[in-house]
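The following note sets out points on the pocket, the sheet and the salt bridges. It is intended to be read alongside the coordinates.

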Amino acid sequence: MRRKKDKKRKTPAAALFLEAAGGILLAAVLLCCIPLTLPRLAGYEVYEVISGSMEPEIPTGSLVYVKWTEPEQIEAGDVIAFYGEKDTGAVITHRVVQNQVVSGQFITKGDANEKEDLAPVEYDRYMGKVTLALPRLGALLGRVVTVSGRIGAGCAVGAAALMLLAAGRLRETGKEEKRK
């Protein structure tokens, strides 16, 4: 009795591995980038918290989402983001103690600080209201926005694409060998 040849085409194991690894790598890069990019399309700015002045409410390493809100609408108890003094470029997130609309200033305080901030925050240094804080995520995702992080993300996408292309080639080679 002769056995009929199995007409099912088996995918080479290397192709399956490369497809899985490439897909996982690509998904990981996308999952890291989505929390940083999609909110920006909706008008949010995203920052990593690097000091403990707002702990325990917003721990160091959190990712905060800041949305522009008219300064006059900010109330005591809201957490805002603003530029630090003297053009340092530092972004500070503190709680509003008082909104002095007439003078165009906020009196702020970090939750972990005993006293209010020494200098009021002028409206022109105000960036927006903190609408969401995700603990620990800032420390992880903050690395993606650096130059080396962007290069690494680009390399990961390139590596994933190469793996998926190689898997496709292996599949095609396997099909050609079966035809012969």
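1. The largest pocket holds about 400 Å³ of space. A pocket is here an open set of points on a 1 Å grid over the protein atoms alone, where a 1.4 Å probe fits, with protein on both sides within 12 Å along at least five of seven lines. Grid points are joined across faces, edges and corners, and the volume is the space filled by probe spheres set on the points.

2. This is a predicted model, in which local features need pLDDT of at least 70 and side-chain atom pairs count only at pLDDT 80 or more, whereas totals for chains, interfaces and linings use all residues. Residues are numbered from 1 along each chain as its sequence is written, and side-chain values use heavy atoms, with hydrogens and water left out.

3. The lining of the largest pocket comprises 20 residues, a lining residue being one with an atom within 4 Å of a point. Tyr47, Glu48, Val49, Ile50 and Val91 lie nearest the centre. Two or more lining residues come from each of α1 (13-41), β1 (44-48), β2 (63-67) and β4 (91-100); helices (H or I, at least four residues) and strands (E, at least two) are DSSP runs, numbered from the N terminus. The most is given by β4, with four residues.

4. By class, the lining divides into 12 nonpolar, six polar and two charged residues. Ala, Val, Leu, Ile, Met, Phe, Trp, Tyr, Cys and Pro count as nonpolar, Asp, Glu, Lys and Arg as charged, and the others, Gly among them, as polar.

5. Seven strands form an open antiparallel sheet in the order β1-β2-β7-β3-β4-β5-β6, where two strands pair if DSSP finds at least two bridges between them. The edges are β1 and β6 (121-122), each pairing on one side only. Helix α1 packs on the sheet and touches β1 and β2, contact meaning heavy atoms within 4.5 Å. The direction of α1 makes about 150° with that of β1; axes are lines fitted to C-alpha atoms, for helices over the stretch in contact, and angles run from 0 to 180 degrees between N-to-C directions.

6. Strand β7 (residues 126-134) is joined to β2 by five bridges, with Val64 partnered by Ala133. Three bridges pair β7 with β3 (residues 79-83), and Phe82 has Tyr126 as its partner. Five bridges also join β4 to β5 (residues 105-109), where Val96 stands opposite Thr108.

7. The whole structure contains three salt bridges, each a side-chain nitrogen of Lys or Arg within 4 Å of a carboxyl oxygen of Asp or Glu. One of them joins Arg171 and Glu19 at 2.6 Å, N to O. This pair links helix α3 (residues 147-179), which holds Arg171, to helix α1, which holds Glu19, 152 residues apart.
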